Amino acid sequence: MNFKEIKVSEFNKNPFELIGQEWMLITAAKPDGVINTMTASWGTMGVMWGKNIIGCVIKPQRYTKEFVDSATTFSLSFFPRKFQDKLIYLGDVSGRDEDKIAKVNLTPAYDGQTPYFNEANLVFICQKIFAQDIIPQSFIDKTIGNWYPKSDYHTMYIGEIIKILHEIKI
């Protein structure tokens with residue numbers, strides 16, 4: 001796709017629909033340039049610490065966590081619905097086991113050192129500004145623990161939105 005950068009104030013999509021129903025790929029690169037990605041449908045958008053932010057969560061066993069932990073930036077890529085099968089695959093298969101990005105024929109692109117995908121229709125380039133493990137002692141609503149039968153609590157990452165790339169319709 002061809003992209004144009006838009007201002008955060010121009011972003012007008014429903015984050016509940018975008019994250020919860022359309023899903024996203026969390027993508028980062030290790031210092032050696034190797035990239036990995038995973039599908040996610042949990043996250044948040046808003047303003048914190050005077051910055052426009054987007055948050056995502058990653059479980060400890062996910063290979064992508066190593067990449068986000070070692071990087072200073074990450075991207076969140078959103079796709080047209082016709083990519084749903086590819087997103088399911090990228091969420092189910094580990095990059096430890098195969099080159100899953102090549103298998104689904106996605107084309108990595110870069111904004112500086114931050115990888116994203118040419119086939120996306122919306123990309124957030126984020127500077128990692130916060131990371132914290134979620135701990136069960138913080139659950140006020142104790143039913144949240146039901147989401148963690150294996151006690152594999154997520155790490156929450158908050159990124160400052162550095163750039164939003166939106167597809168140009170031709």
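Me: Which strand gives the most to the lining of the largest pocket?

Reply: Rolling a probe the size of a water molecule over the atoms shows where empty space is left. In this predicted model, local features need pLDDT of at least 70, side-chain atom pairs count only at pLDDT 80 or more, and totals for chains, interfaces and linings use all residues. Residues are numbered from 1 along each chain as its sequence is written, and side-chain values use heavy atoms, without hydrogens and water. The strand that gives the most to the lining of the largest pocket is β9, with three residues. Strands here are DSSP runs (E, at least two residues) and helices likewise (H or I, at least four), numbered from the N terminus. Both β4 (43-48) and β9 (122-133) supply at least two lining residues each.

Me: What volume does the largest pocket have?

Reply: Its volume is about 390 Å³. Among the 17 lining residues, Val57, Ile134, Phe139, Tyr148 and Met156 are the closest to the centre of the pocket. A pocket is an open set of points on a 1 Å grid over the protein atoms alone, where a 1.4 Å probe fits, with protein on both sides within 12 Å along at least five of seven lines; lining residues have an atom within 4 Å of a point. Grid points are joined across faces, edges and corners, and the volume is the space filled by probe spheres set on them.

Me: Where is Trp23 placed?

Reply: Trp23 lies in the loop between α1 (15-22) and β2 (24-29). Its phi is near 70°, a positive value in a residue other than glycine.
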